[in-house]
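Please consult the sequence and the coordinates alongside the text.

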Amino acid sequence: TAAIIDIGCGTGDVLNALSTSLQTTRLVGVEVVDDMLDIGRKESLALADSASGPSPEFVNSHMHTVSNDYPEFKDAFDLVISRWTYHHSKDLSRIFSVTQSLLKPNGWHVFLSNVVQAFSDSASPATYQVQLSEDFAVTNYALTVEDYLNALADSGFMTSEVALYSADHKIVHDPSELWFRK
């Protein structure tokens, strides 16, 4: 069994699905938007009877500060997952240092993220705003695969496999997901 943390879990859909299909010791979702956490908690309660293990725990924290906000999370997880979150930060090295601190020895980090192109000569990522609601906007950074790989290496991760997909979901490189091991 594994302890899993989802950084930028949104409404907790992945964790709630895992709670009903996978035997785990702990599931934790990290999100900064309270409304999304509330949805995840409600769904978790609705699924509690069909859970294979513990129900997900949802916490409000930022991807840059979760290990400081919750020191008990350090070295506590076998797997860190994240989907469509990291492109909201221009400081990938900080994110990967945080995720590195959350992992047990030989833990894994699996993530999906937007990239603008494989490699770039640009020294600083371009930004653009996305208005998600009347009261909430996010900044997206145009990061490259090279940005991610350099930040992972700087944080001590070993890159196992990298897969790049085009907008129409065709494989551009290796037919696997992004897997990174501590």
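Is Asp 78 buried, partly exposed or exposed? With a relative accessibility of 24%, Asp 78 counts as partly exposed, because the buried class ends under 20% and the exposed class begins over 50%. The model discussed here is a predicted one.

## Salt bridges

The structure contains five salt bridges. One of them joins Asp 78 to Lys 104, with the closest N and O atoms 3.4 Å apart. Asp 78 belongs to strand S4 and Lys 104 to strand S5, so this pair ties together parts separated by 26 residues in sequence. Lys 104, at a relative accessible area of 28%, is partly exposed.

Arg 83 takes part in a salt bridge with Asp 6, at 3.6 Å from N to O. This pair links distant parts of the chain, Arg 83 being in strand S4 and Asp 6 in strand S1, 77 residues apart. Asp 6 counts as buried, at 0% relative accessibility, whereas Arg 83 is partly exposed, with a relative accessible area of 24%. Arg 83 also forms a salt bridge with Asp 13, whose closest N and O atoms lie 3.5 Å apart. Since Asp 13 is in helix H1 (residues 13-21) and Arg 83 in strand S4, the pair ties together parts 70 residues apart in sequence. Asp 13 has 45% relative accessibility and therefore counts as partly exposed. Through shared partners, salt bridges join Asp 6, Asp 13 and Arg 83 into one network.

## Nonpolar cores

The largest nonpolar core comprises 26 residues, and the members with the most contacts inside it are Ile 5, Ile 7, Tyr 86, Phe 96 and Leu 102. At least two residues of this core come from each of strand S1 (2-7), strand S2 (24-31), strand S4 (77-83), helix H4 (92-102), strand S5 (103-112) and helix H5 (145-154). Helix H4 gives the most to this core, with five residues. Apart from this core lies another, of nine residues, among them Ile 4, Leu 15, Phe 58 and Ile 81.

The buried residues of helix H4 are Leu 92, Ile 95, Phe 96, Val 98, Thr 99, Gln 100 and Leu 102. These buried residues pack against S1, H3, S4, S5 and H5.

## Surroundings of Tyr 86

Tyr 86 is buried, with a relative accessible area of 0%. Neighbours within four places in sequence left aside, the contacts of Tyr 86 include Ile 7, Met 63 and Val 80. Tyr 86 is also in contact with Leu 92, Ile 95, Phe 96 and Thr 99, as well as with His 109, Phe 111, Ser 113, Leu 143 and Tyr 148.

## Aromatic pairs

The count of aromatic pairs comes to eight. In one of them, the ring centres of Tyr 86 and Phe 111 are 5.3 Å apart and the planes stand at 55°, so the pair is tilted. Tyr 86 is in the loop between S4 and H4, and Phe 111 is in strand S5, so the pair ties together parts that are 25 residues apart in sequence. Phe 111 is buried, with a relative accessible area of 1%.

Phe 96 and Tyr 148 form an aromatic pair that is tilted, with 6.4 Å from centre to centre and 55° between the planes. The pair links distant parts of the chain, Phe 96 in helix H4 and Tyr 148 in helix H5, 52 residues apart. Both Phe 96 and Tyr 148 are buried. One aromatic cluster is formed by Tyr 86, Phe 96, Phe 111, Tyr 148 and Phe 157.

## Surroundings of His 64

His 64 lies in the loop between strand S3 (57-60) and helix H3 (66-69). At 15% relative accessibility, His 64 counts as buried. The side chains of His 64 and Ser 89 are joined by a polar contact of 2.7 Å. With its neighbours within four places in sequence left aside, His 64 is in contact with Ser 89, Asp 91, Arg 94, Ile 95 and Val 98.

Notes
Residues numbered from 1 in each chain as written. Predicted model: local features only at pLDDT ≥ 70, side-chain atom pairs only at ≥ 80, totals over all residues. Heavy atoms only, no water. Core = buried A, V, L, I, M, F, W, Y, C linked by side-chain atoms within 4.5 Å. Buried < 20%, exposed > 50% of the residue type's maximum accessible area, 1.4 Å probe, protein only. Helix = DSSP H or I, 4+ residues; strand = E, 2+ residues; numbered from the N terminus. Contact = heavy atoms within 4.5 Å. Phe/Tyr/Trp six-rings, centres within 6.5 Å; stacked < 30°, edge-to-face > 60°. Polar contact = N/O pair within 3.5 Å; in protein donor to acceptor, adjacent residues only side chain to side chain. Salt bridge = Lys/Arg side-chain N within 4 Å of Asp/Glu carboxyl O.
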